[in-house]
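Open the model in your viewer and keep the selection tool ready. Each stop below tells you what to pick and what is there.

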Amino acid sequence: MAQSLELLLIQFLMPDNDARRQAEDQIKRLAKDPQVVPALVHHLRTAKTPNVRQLAAVLLRKKITGHWAKLSPELRQLVKQSLIESITVEHSPPVRRASANVVSVVAKYAVPAGEWSDLLPFLFQCSQSAQEEHREVALILFSSLTETIGNSFRPYFADLQALLLKCLQDETSNCVRVAALKAVGSFLEFTHDEVEVIKFREFIPSILNVSRQCLASGEEDVAMIAFEIFDELIESPAPLLGDSVKAIVQFSLEVCSSPNLEPNTRHQAIQIISWLARYKSSSLKKYNLVVPILQIMCPLLAEPTDRDDDDDLSPDRDAAEVIDTMALNLSKQVFPPVLEFSSLSSQNANPKFREASVTALGVISEGCLELMKGKLEPVLHIVLGALRDPEQMVRGAASFALTQFAEHLQPEIVSHHEIVLPCILNALEDASDDVKEKSYYALAAFCENMDEEILPFLDPLMGKLLGALQNSPRNLQETCMSAIGSVASAAEQAFLPYAERVLELMKIFMVLTNDEDLRSRARATELAGIVAMSVGRARMEPILPPFIEAAISGFSLDFSELREYTHGFFSNVAELLEDAFSQYLPHVVPLAFSSCNLDDGSAVDVEESDEDDNVNGFGGVSSDDEAHDEPRVRNISVRTGVLDEKAAATQALGLFALHTKSSYSLYIEETLKILVRHSTYFHEDVRLQAITSLKYILEAVQAVFQNHNEGIIKIKEVFDTVLNIYIKTMTEDDDKEVVAQACMSVADIIKDFGYMAVEPYIPRLVEATLALLREESTCQQIESDSEVDEDDADHDDVLMDAVSDLLPAFAKALGAQFAPIFSQLFEPLMKFSKQSRPPQDRTMVVATLAEVAQHMGAPIAGYVDAVMHLVLKELGSPEATNRRNAAFCVGELCKNGGSSVTKYNADVLSRLHPLFGDSEPDNAVKDNAAGAVARMIMSHPENIPLHQVIPILLQVLPLKEDHEESTAVYGCICNLVLSSNSHILSFAPQLVSIFAQVAVSPVESDEVKVHIGQAFSHLISIYGHQIQPVLGSLSPAQANALAAIAPKS
């Protein structure tokens, strides 16, 4: 075989393709015989040309796995000895490397079996050799062997680390330093032991030195290994970087700001900064690196890019990602320098810098939302100025920024609608289609959160939008439809004059079948559902059938986005028609089931090639079935369209169940199976909809089975399934929004089903709540260094507001029995009230305490001393929400706190007093302050100076905004009147005026008005004709309303 194989190897290397093909076929046939192994070993050692020796090694690596077990011990020893000789004696570097790769494969089987005990000593000896080639190949082998026999290195790990550090600092050979760098990368990938990983911290200076040398010599691909190493270190939960983070940042900034380097090299450098911002943000703050990073990143936004290149590698896009990540994690440090950059760059003569100025503001608006809300005027001045810029790129960036503001800076941004909307209206007529398209997005996002504020703009808006809808290219029509949908949602019934025209146009779009028109059809289907919701059931129900028919027919077209939007359309129609939607269930539910059961379309790319396989075209001989090397997963991708469709279908099933209740009975079992499956789905968007829909299915199950004898068992079964999923989600899901939804659903279930239903689950629910309050749940485990400053954390409005809603839900269900549970939750809750925490955290605590006091009652007395200082301080907060919640809380504490509160009365009244004056701009705060005083009077009237308090209380009545306080406030006033309290009777004329305004109010309840009527009648019985002049001054409507609520004698 040896002689014929040698000829075939030579023939394979010939330039003649036919000769090569013949050789490959013959080699494949011979390779099935185990004797091919000694033959290849022979040629590896004796062939005259390096190319033949290298080809022999490549083939040996591929074939030896299948034949190793069949070789005699003598042949195995021959193979091992020959490989060692090839590594040490071979002069050709490619042959040495190819031989080293064979060693890795053989070692995978021989070392664990105890058949190659001298391999590691040999490698250590090689690594100390005076010959550069030996040191290099030893490091190459250490690197590759970690993938196959890494565990065999564990006893020698300390020695290996010392060796690698020494080789990284090798002053005589760049090849050795590079090989050492690669080996460090391999070892870091292999080891997950925190103690072992931490030792790599001291490698960082040497890694940076080698990387700089590689960049200087043009070996960018080698320098990239350094970034892979830093990536491993950063993502490790261990506190690895220490003050080395400064050197890593400095190096990364040098690389990413060097335009002469390859895009991918710069991309990797910027990614390191992004990972640091995500995982080690407190280190960036500690070492004052935020401003230096932004001084490089912000100007990178202005770097010219060729959009024909790979967009994912463009420096401006990468820089935007870094700035976004930093804003999310370091908002207080990021906002001032970015605002300064934007202010200066907005005046720059270079349009790229003017574009960058508004892009930066748009990018940070999510992370820095609270800080930006406080600086909206200067920020809008920059962005609205850019919307009028002569350069298209600047105007487009301004529209992007406005879209971001509309999404993240609610509700404050809407208060500026009078200056923002006219600017967007002008931009809709921009000469550039790109600016128009972005302006439609901005308009859609802005209007989404508007209410009656949109009405003055409705006619000009719809005039432009309807015109554009009929006369624009498809892509603009699609964004135009999104904008119309937002306008319709905001305008509600006022949209009626435009609805018929819009729906007529949607009919045209909803029957398009050409591939290029299907996205427009999807948008039209969505818009039809939104318009239907705006105009109401009475007008829509008669004209719905053709829209339903068109929507169903769209499922015959293979377009995921159309199916996604159609599920949304059906969801809207179900909400509109409620039980009347039942007639459509047989048609639409199977469609939703079909989407939920779709294959995800996951695609896994497997990398099986080796760099040696393709040297001189050697890859062709590797295609037989005997190569057993394990493949390496390179990339996993998912068709996101299918995810969106699944999420929409999952949401639709829940809404169908919610709105049709008992009519949904036929579909409950299959729906529940899908929701249970989707509650642990790999993507959070689908899980979120499953968690939301599970509560709706529970409501439908209750409606179906509550009157059946066996129904109680079925309800209990589903209840158990749903609650167990929610508890598991609270502790184990890694997405905060999903966990928040589980918390809100649990709170709703406790309110809807009552204590008896949830009683068996209370211990586990409390345990899950406790973990969330302590920030120990899975979704709160951010991989970061050990120096996290919890006092510098931003308010987690996604998760913690939902968690805090659980405590009042427990208190409402358990009443005074909540006391022992609250004692466990109190300290973890109060952690969020520290002065160093954001104002939103403190008001969350105060609001929770208020509702717990309201529902738990007397046991709150034990906490009054612990919380009163916080609540009194919050009454003076600069934030209206904080003052409002504090006023509500102090009232509930006074009402339920018993004698433990009386010593604070003077302080409470003193702190409440400013909230009644002209200096308090917020009516809701005044209403809550009135509620607090009313509760104090009702609880302990003997301790309240009524002669001072009553005139101040009456001056803010009637209530203007928070009518939930009506029962307490008017109940207090009426009780004082009915008991003929002298301090209040002297204000009879003022009381009549207040009572008249309450009587005529459409928002006050009948219960309140009955009480008011009784008090008014009592006043008449005491004063009679003396208050006739006051009655005469009332409007006819007020007088009639008062007369109507007064008890008939």
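**Stop 1: the annotated domain**

Select residues 23-89. The UniProt annotation "domain: Importin N-terminal", from an unreviewed entry, covers this stretch; such annotations may be inferred rather than shown by experiment. Residues 23-89 are 81% helix and 0% strand, where helices are DSSP runs (H or I, at least four residues) and strands are E runs of at least two. The end C-alpha atoms of this stretch lie 29 Å apart.

This is a predicted model, so local features need pLDDT of at least 70 and side-chain atom pairs pLDDT 80 or more, while totals for chains, interfaces and linings use all residues. Numbering starts from 1 along each chain, and side-chain values use heavy atoms, without hydrogens and water.

**Stop 2: the cores**

A nonpolar core joins buried Ala, Val, Leu, Ile, Met, Phe, Trp, Tyr and Cys residues through side-chain atoms within 4.5 Å; buried means under 20% relative accessible area with a 1.4 Å probe, protein chains only. The largest core has 369 residues. Select F230, F405 and F656, which are among those with the most contacts inside it.

Now zoom in on F656. Beyond four places in sequence, its contacts (heavy atoms within 4.5 Å) include F570, F581, L585 and Y664.

**Stop 3: the cavity**

Select P93, R96, R97, E136, V137 and I140. These residues line the largest cavity. Helices α6 (93-110) and α8 (132-149) each give two or more residues to that lining. By class, the lining has three nonpolar, no polar and three charged residues.

Definitions and conventions: Buried < 20%, exposed > 50% of the residue type's maximum accessible area, 1.4 Å probe, protein only. 1 Å grid on protein atoms, 1.4 Å probe; cavity = no way out; pocket = protein on both sides within 12 Å on 5 of 7 lines; lining within 4 Å. Nonpolar A, V, L, I, M, F, W, Y, C, P; charged D, E, K, R; others polar.
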